[in-house]
Amino acid sequence: MTLQRRILILVCAVVLLAAVGVLAVVRASSRADEKNQTQAGGPQITRGEVSLAPDAAGRRIVFRNMAWGPHRDELATVPADAPQGPRTASGVSCLRFHSAAGTGICLQADKGGVQESYRAVVLDAHLKEVSAHPLAGIPTRARVSPGGHLVAWTVFVGGDSYAGTNFSTRTSLLDLRTGRFDASLEDFEIRKDGKAYRNADVNFWGVTFAADERTFYATLATGGQTYLVRGDLAERTVTTLRENLECPSLSPDGTRLVFKKRVAGLSPDAPWRLYVLDLASMREAPLAEERSVDDQVVWRDDKSVVYSLPGDFGADLYALPADGSGAPAPLMASALAPAFLG
């Protein structure tokens, strides 16, 4: 083969690769533009005031709106007794969100730089920024304590899914009363099987707070196993309680945890089922959801929980009794990360 022919082949290859790259960019841009167009048959959404404060008019749900259109990813609200009704959008965008007692935590993309980054923003009852903290990775979990004094969040530092084993997380805690910021739960003392424990492979995620504004529960992963841990903010300790338990969510009365559990025999890509754990007896029971749920549920009240599953426009919300009875019921389409307020 002559040198001229080799050069011609090389030039053709470069041109082909460039064309493929341009096509990929065009398709991504088209997809992004499509998400900005209002979806046919989607919920009615208008811009308005969204508050995290108690409302005399009744309970509300504040959540991340996933419906395509100009308000996609914004915090929106609906009455809790009319979840499929018209939505009021706030103009504040969040990837993950939670709220309690007039405090909100919003994990959002910061698109100001050349490379997309993320930050955790503490919000007041009027969705005004109180403080902000840069995030070390992709947002995945967020929680506010019942009294609104503590916030926690988890990000993927490595990987982007809990389904496999090749990921790394970082979970942070912020005490709004004192301003104390714990950048990583890995700095807490771990007590496992009655002894102090340390290992370089430790990961934490899925914090849920008790009403005493001191105790919390979370997931600890180490040695290829996951554990439920109980944390003590004052002592700065976490103690293992039980194996094979992820993303716990504490009931409003503090007596039960709903969590996702890996079940043998299920697909590695969809390995979880929802269970409830009675903290007094430490007995667990499955909930009546047969699909794999990769979410940290939210309690709607003392009797039922809400969680997300993949939907046509990102995610949909479902409600389920927390005692193992009943069946899943659709709650809201095109919605994620709900908080029940009031």
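User: Buried or exposed: which is S249, and what is its relative accessible area?
Analyst: This is a predicted model: local features need pLDDT of at least 70, side-chain atom pairs need 80 or more, and totals for chains, interfaces and linings use all residues. Residues are numbered from 1 along each chain as its sequence is written, and side-chain values use heavy atoms, without hydrogens and water. Buried means under 20% relative accessible area, exposed over 50%, partly exposed in between (1.4 Å probe, protein chains only). S249 is therefore buried, with a value of 3%.

User: Which strand holds S249?
Analyst: Strands are DSSP runs of E with at least two residues, and helices are runs of H or I with at least four, numbered from the N terminus. S249 falls within residues 246–250, which form strand 19.

User: Which residues does S249 contact, leaving aside neighbours within four places in sequence?
Analyst: Contact means heavy atoms within 4.5 Å. With the sequence neighbours set aside, the list for S249 is R143, T208, R256, L257, V258, V297, V298 and W299.

User: What is the relative accessibility of C247?
Analyst: C247 counts as buried. Its relative accessibility is 1%.

User: What percentage of the chain's residues count as buried?
Analyst: The chain has one helix and 27 strands. It holds 342 residues. The buried part is 47%.

User: How many residues apart in sequence are the parts that the C94 and C106 pair ties together?
Analyst: The link is left-handed, with -115° about the S-S bond. C94 is in the loop between strand 4 (87–93) and strand 5 (96–100), while C106 is in strand 6 (residues 103–110), so the pair ties together parts separated in sequence by twelve residues.

User: Where does V92 lie, and what is the C-alpha separation of V92 and Q108?
Analyst: V92 sits in strand 4. It is buried, at 19% relative accessible area. V92 and Q108 are 16 residues apart along the chain, and their C-alpha atoms are separated by 9.3 Å.

User: Why is the pair of W153 and F181 called stacked, and at what angle are the planes?
Analyst: Rings of Phe, Tyr and Trp (its six-membered ring) pair if their centres lie within 6.5 Å; planes under 30 degrees apart count as stacked, over 60 as edge-to-face and the rest as tilted. The count by this rule is eight aromatic pairs. For W153 and F181 the centres are 5.8 Å apart, and the pair is stacked because the planes are at 25°.

User: Which strands hold W153 and F181?
Analyst: The pair links distant parts of the chain, 28 residues apart. W153 is buried at 2%, whereas F181 is partly exposed at 34%. W153 is in strand 10 (residues 150–158), and F181 is in strand 12 (residues 181–182).

User: Which arrangement do the rings of F156 and F167 adopt?
Analyst: F156 is buried at 6% relative accessible area, and F167 is buried at 14%. Ring pairs link F156, F167 and W205 into a cluster. The centres of F156 and F167 are 5.9 Å apart and the planes at 85°, so the pair is edge-to-face.

User: Over which rings do K261 and R291 lie?
Analyst: A charge sits over a ring if NZ of Lys or CZ of Arg is within 6 Å of the ring centre and within 35 degrees of the ring normal. K261 is at 4.7 Å from its ring centre, over the face of Y275. R291 is at 4.6 Å from its ring centre, over the face of Y318.

User: What is the phi of S334?
Analyst: S334 is in the loop between strand 26 (329–332) and strand 27 (335–341). S334 is buried, at 2% relative accessible area. Its phi is positive, in a residue other than glycine, and near 55°.

How values were computed:
A disulfide is a pair of cysteine sulfur atoms within 2.5 Å.
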